[in-house]
Amino acid sequence: MTIITYGTAVPAGLFLPGILVGCSLGRMLGLFIETNIEQSVQMATYATIGATSVLAGYSRLSFSLAVIMLETTENVNLFLPIIFALFISFNVGRIFNRSLYAASLVTKSVPFLVEEVPVFNRKLRAEAIMSRPVHSLQKKSKVKAIADALRDTNYNGFPVVENNSSGDPRLIGLVSRHTLIIMLKNLQLVPDE
């Protein structure tokens, strides 16, 4: 079922097969415990924890998955076993590979930010890659200054600065070229009073 639904644009995707596989594995463990260790075993509990473990193992979902499973079962008594199974499978899965969804993004060439800065970028500073001279705008800029910046440069973003008490500029934000163009067009629509 997973092979058929993987990559399709339907909501079943990998979530439903993961639940089914996890429930099956959990029930098998419950049957093993019932026949070999203890006679009174609730199969639904093992199936639910199995589904949580499988989903956390390949998707790396954490608290959201716990909430989904708890709301599905409506059994608050399963909270601690679900959390325990979730973190065990999350960490065991992390030892072997990345999330299946992260791998899918890579194969589809979708840009994806990793959790850590790459080794070759750790000591890189913004000044090494930024354009010079820096064309910044003051927090309270005149319309002429904005129009000049748009006319004289082809940058898509402008740093917005404010002078601190010592007179040095301090970055307070970034404004896009598109936003500035829209603002200037809206100013032309406002009648003079």
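Author: The largest pocket is lined by Arg-60, Phe-90, Arg-94, Asn-97, Arg-98, Ser-99, Ala-102, Phe-112, Leu-113, Val-114, Glu-115 and Glu-116. This is a predicted model, and the values that follow are computed from it. The volume of the largest pocket is about 300 Å³. Sorted by class, its lining holds five nonpolar residues, five charged ones and two polar ones. Among the charged residues of the lining are Arg-60, Arg-94 and Glu-115. Phe-90, Leu-113 and Val-114 are among the nonpolar ones. Asn-97 and Ser-99 are polar. Rolling a probe the size of a water molecule over the atoms shows where empty space is left.

Next come the helices. Two packed helices are described by the angle between their axes and the distance between the axes. For helix α2 (residues 15-36) and helix α3 (residues 43-59), the axes come within 6 Å and the crossing angle is roughly 135°. Angles over 145 degrees count as roughly antiparallel, and α2 and α3 are therefore oblique to each other. Their crossing is right-handed. The contact of α2 with α3 is made up of 14 nonpolar, five polar and two charged residues.

Helix α3 also crosses helix α4 (residues 63-73): their axes come within 11 Å, at roughly 155°. That angle makes α3 roughly antiparallel to α4. The crossing of α3 and α4 is right-handed.

The strands remain. Strands of a sheet pair through backbone hydrogen bonds, either parallel or antiparallel. Here three strands form an open sheet in the order β1-β2-β3, and the pairing is mixed. At the edges are β1 and β3, each of which pairs on one side only. Strand β1 (residues 137-138) runs parallel to strand β2 (residues 157-163), and two bridges join them. In one of these, Gln-138 has Val-161 of β2 as its bridge partner.

On its other pairing, β2 meets strand β3 (residues 169-176) in the antiparallel sense, over seven bridges. Gly-157 has Ser-176 in β3 as its bridge partner, and Phe-158 stands opposite Val-175 in β3. The hairpin of β2 and β3 has five residues between the strands. In this hairpin, Gly-167 takes a positive phi near 90°.

Note on methods:
Residues numbered from 1 in each chain as written. Predicted model: local features only at pLDDT ≥ 70, side-chain atom pairs only at ≥ 80, totals over all residues. Heavy atoms only, no water. 1 Å grid on protein atoms, 1.4 Å probe; cavity = no way out; pocket = protein on both sides within 12 Å on 5 of 7 lines; lining within 4 Å. Points joined across faces, edges and corners; volume = space filled by probe spheres on them. Pairing = 2+ DSSP bridges. Helix = DSSP H or I, 4+ residues; strand = E, 2+ residues; numbered from the N terminus. Axes fitted to C-alpha atoms, helices over the stretch in contact; angles between N-to-C directions. Parallel < 35°, antiparallel > 145°, perpendicular 65-115°, else oblique. Left-handed = near helix turned anticlockwise from the far one by under 90°.
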